[in-house]
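Visitor: I'm new to this one. Could you walk me through it?

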Amino acid sequence: MFNVTTTLETYTFEFTLDGELDYTVLAQFKLEMGLLFAGLTGPQSFTLDNVKIQVSEDGTFVDTTLIINGDFKPTAGYRAFLNDWEGTAGSLSKLNGALVLTLDALSTLDQNWKVQIIQDAFALGTGADNVGSLQFEAGKTYKVSFDAKASVAGEATFIIGHAGGGFTGYAVEAFNVTTELETYTFEFTLDGELDYSVLAQFKIEMGLLFAGLTGPQSFTLDNIAIEVSVDGTFVDAQLIINGDME
Ligand SMILES: [Ca+2]
Ligand SMILES: [Ca+2]
């Protein structure tokens, strides 16, 4: 139990697991507050932010990756990669339930990889730079779909693959984005020749789309889904986090 007030305060709890329970079963994080609001009339509210779980290692508490998006970032799960060392500047935001990469400054966009939107472990806060978060399996057929538009029409590239020892692409497809939101769908079968045990990244590369332009420019993404074919029917593969950006 803890006493919540009407101003945002930080609450911290420490506990040690004594080994008498079966901790192999995955746990939930919950806050219960029914009695807090007992007898009141609506509207009432409860605000939560900066949820994290740390573990003591050699006497020092260090972050775990147990809670995803504990700081409630609206663009959770995604990150932008920009050639900021050459002067390109921009940021991700959520607008009308979609993910928007806004480029305020553009510079030296002579390679497609110089501007990317990525979902991987680094974007999710669960791993280091270029560590993937998506588990694909050899021999299976996948369907990836998303809605996209940009401030300028042209070619962008959809990529699923893993980093580590160089980049290995599982699916790499160019598509023509327009200034209207349209749905793009890609199907691919993993042929078993690559090492799919390495977790993969989802990426859209778009550096050349914006080559030679001045800012602001933008790229909008929504409704990212990865489905897997099971007995001839595509079902949600449960790989992408926050694909609908809601
Ligand atoms: Ca926050
Ligand atoms: Ca949406």
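Here we go through strands, a sheet and a core.

Guide: A quick note: this is a predicted model, so local features need pLDDT of at least 70 and side-chain atom pairs count only at pLDDT 80 or more, while totals for chains, interfaces and linings use all residues. Residues are numbered from 1 along each chain as its sequence is written, and chains are lettered from A and ligands numbered from 1 in the order in which they are written.

Visitor: How many helices and strands does the chain have?

Guide: Helices (H or I, at least four residues) and strands (E, at least two) are DSSP runs, numbered from the N terminus. This chain has 1 helix and 13 strands.

Visitor: In what order do strands form the open sheet?

Guide: Strands pair if DSSP finds at least two bridges between them. Here 5 strands line up as β3-β6-β11-β8-β9, with antiparallel pairing. β3 and β9 are the edges, each pairing on one side only. Between β6 and β11 there are 4 bridges, and Gln119 stands opposite Phe202 in β11.

Visitor: Which residues have the most contacts inside the largest nonpolar core?

Guide: Such a core is a set of buried Ala, Val, Leu, Ile, Met, Phe, Trp, Tyr and Cys residues joined through C-beta atoms within 7 Å. Buried means 20 or more other C-beta atoms within 10 Å of a residue's own, with C-beta atoms placed from the backbone. The largest core has 41 residues, and Ile117, Met206, Phe210 and Leu221 have the most contacts inside it. β7 gives the largest share, 5 residues.

Visitor: What does Phe210 touch beyond its sequence neighbours?

Guide: Contact means C-beta atoms, placed from the backbone, within 7 Å. Leaving aside neighbours within four places in sequence, the contacts of Phe210 include Leu103, Val115 and Gln217.

Note on methods. Buried ≥ 20, exposed ≤ 12 C-beta atoms within 10 Å, placed from the backbone. Contact = placed C-beta atoms within 7 Å.
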